Amino acid sequence: MFDKLTSKFSSAFSSLRSKGRLKSGDIEAIGAEIRAALIESDVALDVVDKFIARIIDRSLEKLEEVNKGINPSQAIFTIVNEELTAILGGNSRRITLAKKPPTVIMLTGLQGAGKTSLAGKLALHLKSAGNTPLLVASDLQRPNAVTQLQVVGASIKVPVFAPEPGNGVGDPVSVAKAGLVFAQEKLYNIVIVDTAGRLGVDQELMNEAIRIRDAVSPDEILFVVDAMVGQDAVRAAEAFQAGVGFDGVVLTKLDGDARGGAALSILEKTGKPILFASTGEKVEDFDLFYPDRMASRILGLGDIQTLAEQAKRSMDSATTSRLEEKFIKGEDFTLTDFLAQLEAMKNMGSMSKMLAMLPGAGAIKKQIENFDDNELVRTQAIVQSMTPIERNDPKVLNGSRRARIAKGSGRQVSEVNNLVDRFSAAQKMMKQMRSGKGMPAGMGLPAGMARMGMPAGMGMPAGMGLPAPSPGRTAPKKKSKSGNPAKRAAEES
Amino acid sequence: MALFSKIFAKFRGGAIAPADWEEFESLLIEADLGAHLTGEIIEISKELARGRSSESGDIEGALLHALREKLSPASRSIPRADERTTSIMIVGVNGTGKTTSVAKLMQYFKSQGASVVVAAADTFRAAAIDQIQTWGDRIGVPVIVGKTEGDPASVAFDGIKRAIGDHADIFIIDTAGRLHTKSGLMDELGKIRRVVEKVSPIDEVLLVVDATTGQNGIAQAKLFAESVAVTGLILTKMDGSAKGGVALAIEATTGIPVKFIGSGEGAGDLQLFEPELYLKGLISE
């Protein structure tokens with residue numbers, strides 16, 4: 001996400017960093033570099049020019065003060081970060097629930113932006129916050145949009161109000177109206193109305209959207225927009241604003257390499273904030289949108305906050321406190337605990353998505369993209385093929401035990417060895433952390449995560465087969481490797 | 001918004017200020033040509049202007065010529081195999097209009113008197129199978145389906161078997177939308193291709209690109225081409241306000257030609273790509 005933009009920013013800044021004192025020419029130069037990067041990211045031209053002008057003005061104004069500081073380039077970086085956060089919407093805004101339920105949310109947008117998928121994601125998100133949402137199928141245009149919404153609704157156990165079959169049959173306005181009445185009767189507190197996708201220039205469909213709006217008077221109209229959209233984004237958004245109007249923006253398909261520049265333009269042009277970001281194919285791939293976090297992501301600072309929150313959400317509190325207790329008491333971290341962590345990680349969703357949130361993730365982008373989520377399953381299979389005794393004390397794992405585990409999990413003995421090696425390295429590291437020796441170089445993550453309220457040991461070093469250069473793979477390899485498993489086990493213990 | 005015609009008038013008048021060039025640049029960028037291609041076109045135009053500013057030359061024609069040079073030289077036709085079924089695979093990112101394009105292709109080939117079989121290998125998106133089946137029923141084309149969440153390659157395999165059994169002229173595979181950055185999903189496309197090619201070769205792989213797409217379209221084309229050797233593009237949603245300038249940028253960088261233009265929601269809304277019309281559209285208002 002925004003990766004290209006991120007790498008352009010970092011190259012622009014590294015040239016700035018090499019300079020001690022900054023001259024106004026340096027500021028202009030970095031301004032030009034950022035400008036080119038933003039244009040290639042589909043940010044609307046006039047938005048770019050205003051943004052660059054602000055950065056240059058502010059930097060020049062502070063130039064004297066900046067040069068007195070220890071790190072002038074850092075000060076400029078801060079200015080860019082602040083402006084970027086501001087352009088991304090400043091403070092984040094959330095869905096406001098109506099005083100008198102149900103809260104009505106209406107989804108609009110261009111065709112193919114991902115409204116129907118998003119309706120499901122939004123419903124699930126609101127449901128897990130304790131609401132009782134109802135989905136209303138008012139997209140009667142696209143073939144089988146109604147069926148799609150029904151399937152999505154069934155998968156997340158959210159009821160779908162769909163009295164009309166769709167495919168051009170039925171009146172979307174009366175469906176929306178009836179849906180609202182249905183929700184009032186059955187006491188659903190949120191109604192999400194999915195409407196037909198339309199092109200900005202299609203007046204007929206725009207009028208239909210206006211009629212739906214007037215029939216249900218939504219509390220929030222959300223404009224759903226594809227992160228990959230180009231310069232037309234502004235035109236489309238303006239057409240929608242002039243037509244049906246909207247209160248907030250939802251960005252979809254942010255998991256690709258789209259730089260999402262057009263989305264920034266919409267915000268600047270319409271003044272409407274981005275409320276949510278959708279980042280994957282699964283219903284849970286949905287996040288609140290945080291302008292400050294997105295800004296640090298663009299600038300390559302990572303997004304530890306989101307990662308920590310996701311971790312917290314997926315690990316039940318019992319497991320967390322048990323692990324924390326163990327950590328504090330100085331008990332050894334065992335494979336049983338590791339298994340619990342693996343479970344939690346699987347609940348957190350795609351590994352590659354999480355890894356992408358780490359600071360400096362851009363540098364190992366290729367590895368992250370190629371991360372095989374099945375690696376988790378394989379690792380889990382290996383641990384599950386161990387007896388409780390083995391899990392709690394991996395030292396007992398001799399050659400024949402390892403051979404049995406390999407057979408039981410359907411993996412190679414070498415993979416079992418590899419896992420055990422990496423696990424003991426991780427165990428050692430945990431001990432070091434506890435004794436306050438800190439992290440080995442380059443292992444900033446778990447420490448950072450602990451600070452963010454991550455459960456102790458939630459880090460990924462143990463056996464998480466991220467292709468090199470991952471912390472796991474740098475685990476010290478024993479030099480003497482006997483061909484005889486039994487002998488090797490003896491060497492290792 | 002600035003207008004091309006205004007710029008052209010200034011060119012003809014011979015008085016071109018730096019601000020005019022900037023305006024010209026923003027027009028090209030706003031058509032989604034991208035900063036790189038725009039830069040090239042501006043350079044060419046500046047050269048043209050130097051040569052022509054004295055006379056009231058045909059700057060519009062010269063610009064069209066410059067744009068034309070950027071088009072791919074590859075053939076834009078869909079050649080049909082003589083003695084066997086011609087197989088076409090449809091790929092693209094989510095929401096670009098693949099399934100609708102498949103429906104339009106069904107109609108297109110049917111109206112040419114060809115017999116068509118379709119495999120609904122989008123087993124991922126909820127109700128995608130129903131969507132394509134609805135179209136198949138409307139147009140009168142058999143649609144081979146598998147289970148939702150089933151293996152798309154096996155659906156494609158069943159499809160090609162059926163197409164060969166029926167002696168169908170055209171076999172079309174609708175695949176699930178996927179982001180070009182997901183290498184696992186991209187490998188799946190290669191698998192579909194290999195499995196089908198055990199029975200009969202795939203003649204065309206058409207990448208569906210949304211006309212509203214920005215510079216990301218170039219990355220899409222490059223990565224899809226790496227995975228499945230894309231032979232052509234279908235540029236969809238050309239009935240909106242987007243001019244689809246990214247298609248020219250894609251042609252210029254990858255050499256993959258646009259073969260079809262989709263411009264509406266009806267099954268008949270598919271045209272063969274006409275370069276001249278497209279280029280004129282780019283520099284019209």
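**Domains.** I looked up how far apart two domains of chain A sit: the centres of domain 1 and domain 2, taken over C-alpha atoms, are 35 Å apart. The assignment, automatic or from a database, puts domain 1 at 3–87, domain 2 at 103–300 and domain 3 at 306–492.

**Ground rules.** This is a predicted model, where local features need pLDDT of at least 70, side-chain atom pairs count only at pLDDT 80 or more, and totals for chains, interfaces and linings use all residues. Residues are numbered from 1 along each chain as its sequence is written, while chains are lettered from A and ligands numbered from 1 in the order in which they are written.

**Helix pair.** Next I checked α2(A) (residues 24–40) against α3(A) (residues 45–61), and found an angle of about 160° with the axes 10 Å apart. The axes are lines fitted to C-alpha atoms over the stretch in contact, and angles run from 0 to 180 degrees between N-to-C directions. So α2(A) and α3(A) are roughly antiparallel, a label for angles over 145 degrees. I noted I27(A) and I34(A) among the contact residues of α2(A), and V48(A) and I52(A) among those of α3(A); contact needs C-beta atoms, placed from the backbone, within 7 Å.

**Whole chain.** I got 23 helices and 8 strands for chain A, counted as DSSP runs (H or I, at least four residues, for helices; E, at least two, for strands). Of its 493 residues, 48% count as buried, meaning 20 or more other C-beta atoms lie within 10 Å of the residue's own, with C-beta atoms placed from the backbone. Of the chain A contacts between residues at least 6 apart in sequence, 74% join residues at least 24 apart.

Technical notes
Parallel < 35°, antiparallel > 145°, perpendicular 65-115°, else oblique. Contact = placed C-beta atoms within 7 Å. Buried ≥ 20, exposed ≤ 12 C-beta atoms within 10 Å, placed from the backbone.
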